[in-house]
Amino acid sequence: MSAAERPPNIVVIFADDLGFGDIRCYGPTGADTPHLDALAAEGFRSTDFFVPANVCSPSRASLLTGRYPMRCGMPVARHESDPKYNHYGLTSEEITIPELLKPAGYRSLMVGKWHLGMEVEGSHPIDAGFDEYLGIPSNYAKSRGPNYNTLYRGKQVEQLKVPCEELTKRYTDEVVSFIKRQKESPFFIYVSHHIVHSPLLPSKDFVGTSKKGKYGDFINELDHSTGRIMQAIRDAGLDDNTLVVFTSDNGPTTAGSTGGLNGGKYCTMEGGHRVPAIFRWPGKIAPNQVSDVTLASMDLLPLFCELARVKKPSDRKIDGHNILPILQGKETATPHKFLYYYNGTNLQAVREGNWKLHLPRTAKDQPFWSKKPLKGRGFVTLKERRLFDIDNDVSEKHNVADRYPEVVARLQKQAETIRVELGDVHTTGTDQRKINLADPQER
């Protein structure tokens with residue numbers, strides 16, 4: 001394949017539980033992140049980037065398929081040690097980014113946390129289209145079952161009882177090696193970090209390097225890993241033909257910063273669904289762009305299909321859109337007329353532009369991670385609808401439902417329409433993949 005014919009390499013760096021305000025280029029209180037700041041300065045930084053889930057598994061499924069978690073059958077987080085989840089994973093019937101890129105000559109590597117049912121038949125990263133994989137099944141925690149600290153290469157065990165402190169370097173080494181040996185042909189790399197999810201166990205080289213404790217140390221290690229990946233791209237002579245995307249799976253836990261947004265992980269306030277997002281591609285995406293155009297993680301799949309000159313699936317609904325014209329400054333209108341905020345299987349909010357309507361809910365409606373009140377984690381129960389103008393009230397503190405009844409009525413109607421399509425706690429949608437899980441909202 002000649003250089004002129006070759007589509008761009010694509011690298012997605014996906015942080016875990018990193019908040020909107022956790023890195024310096026998103027605010028002065030963020031951790032010191034020179035490599036990520038450089039990435040932003042050299043490209044496009046989004047200030048309104050939506051992920052359609054506020055926990056790990058559904059966010060990952062949505063990124064890889066370009067579809068809402070309810071549509072692709074993965075709306076709740078897996079818990080590997082519970083037999084209930086033995087058959088709950090990303091179905092092979094879903095079509096993923098690496099599967100779509102393969103006909104265009106791409107070789108794909110994934111490193112890191114899978115959390116989509118590695119031990120479920122047909123749900124391994126290799127089954128989902130990745131040519132190579134190095135990582136662990138889920139979160140690094142004893143509660144995640146006997147293989148929580150087992151490192152796999154493909155479907156084979158690479159190492160038992162791997163220390164958490166070694167993982168980021170191992171993953172970064174693997175990415176650097178892959179870039180070196182794959183530089184003559186197009187590649188897709190998905191770096192699915194454990195950082196900054198608990199446990200906060202940065203490697204020894206980063207302990208004490210931050211003024212923000214081990215959480216900040218972990219972010220420093222994330223930044224350093226990003227710097228090494230970028231250097232490998234430059235060393236391979238691929239800088240001008242590589243799109244790098246950096247983002248996070250959901251908002252932060254109480255250790256992190258939402259940068260002034262309300263909520264965080266586990267809830268449908270903006271702090272749970274709005275995350276950092278940076279796009280860098282020298283010569284194709286202009287530097288120093290800061291944009292408030294609403295984008296979504298589901299947009300990556302159609303964007304990558306456009307760049308690889310392959311067709312996105314036509315036999316199913318893809319919720320994402322090709323955002324290349326926006327990244328290149330040619331368009332300034334969001335392709336998302338509406339956004340839907342699900343908490344597990346419960347539709348809790350609908351957004352249209354600056355308007356966001358929170359819907360009534362009960363504790364019983366909530367997924368297991370949200371049934372009890374957590375400080376700063378949104379509404380466990382809500383008897384009346386609440387409307388927020390998030391352009392002027394991004395912290396979602398001032399309910400204006402009484403002042404704009406026509407907006408409430410319009411968004412309520414849209415909520416009812418999407419419930420028919422995607423479902424809800426007590427409703428099965430017409431375009432909702434069956435959830436292979438009894439009582440999904442319960443542990």
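Strand β14 is joined to strand β15 (residues 355–358) by four bridges, and the two run antiparallel; strands here are DSSP runs of E with at least two residues, helices are runs of H or I with at least four residues, and both are numbered from the N terminus. Across this pairing, V350 stands opposite L357 in β15. The model is a predicted one, in which local features need pLDDT of at least 70 and side-chain atom pairs count only at pLDDT 80 or more, whereas totals for chains, interfaces and linings use all residues. Residues are numbered from 1 along each chain as its sequence is written, and side-chain values use heavy atoms, with hydrogens and water left out.

The two strands belong to an open sheet of four strands in the order β13-β14-β15-β16, with antiparallel pairing, where two strands are taken to pair if DSSP finds at least two bridges between them. β13 and β16 (386–389) stand at the edges with a single partner strand each, so one side of each is left without a neighbour in the sheet. From one strand to the next, the twist averages 20°. Helix α10 (residues 405–422) packs on this sheet and touches β13, β14, β15 and β16, its direction making about 130° with that of β14; contact means heavy atoms within 4.5 Å, while axes are lines fitted to C-alpha atoms, for helices over the stretch in contact, and angles run from 0 to 180 degrees between N-to-C directions.

Strand β13 (residues 339–343) is mostly covered, with five of its five residues buried, that is, under 20% relative accessible area, as against over 50% for exposed and in between for partly exposed (1.4 Å probe, protein chains only). In a regular strand the side chains alternate between the two faces of the sheet. In β13, L339, Y341 and N343 point one way and Y340 and Y342 the other way. Five bridges join β13 antiparallel to β14 (residues 346–352), and Y341 has A349 as its bridge partner in β14. The two strands form a hairpin with two residues between them, and G344 in the turn has a positive phi of about 65°.

A further open sheet contains ten strands in the order β7-β6-β5-β4-β8-β1-β9-β10-β2-β11, with mixed pairing. Its edges are β7 (156–159) and β11 (289–291), each of which has a single partner strand, so one side of each is left without a neighbour in the sheet. Within this sheet order, the twist averages 15° from one strand to the next. Strand β4 (residues 107–113) pairs with strand β8 (residues 187–192) in the parallel sense over six bridges, and S108 stands opposite F188 in β8. Helix α6 (residues 213–235) lies across β1 (9–15), β8, β9 (242–248) and β10 (277–280), running at about 175° to β1. Helix α8 (residues 300–308) also packs on the sheet and touches β1, β8, β9 and β10, its direction making about 175° with that of β9.

The largest nonpolar core has 57 residues, and those with the most contacts inside it are W114, F188, F279 and F304; such a core is a set of buried Ala, Val, Leu, Ile, Met, Phe, Trp, Tyr and Cys residues joined through side-chain atoms within 4.5 Å. The largest share of this core, seven residues, comes from α8.
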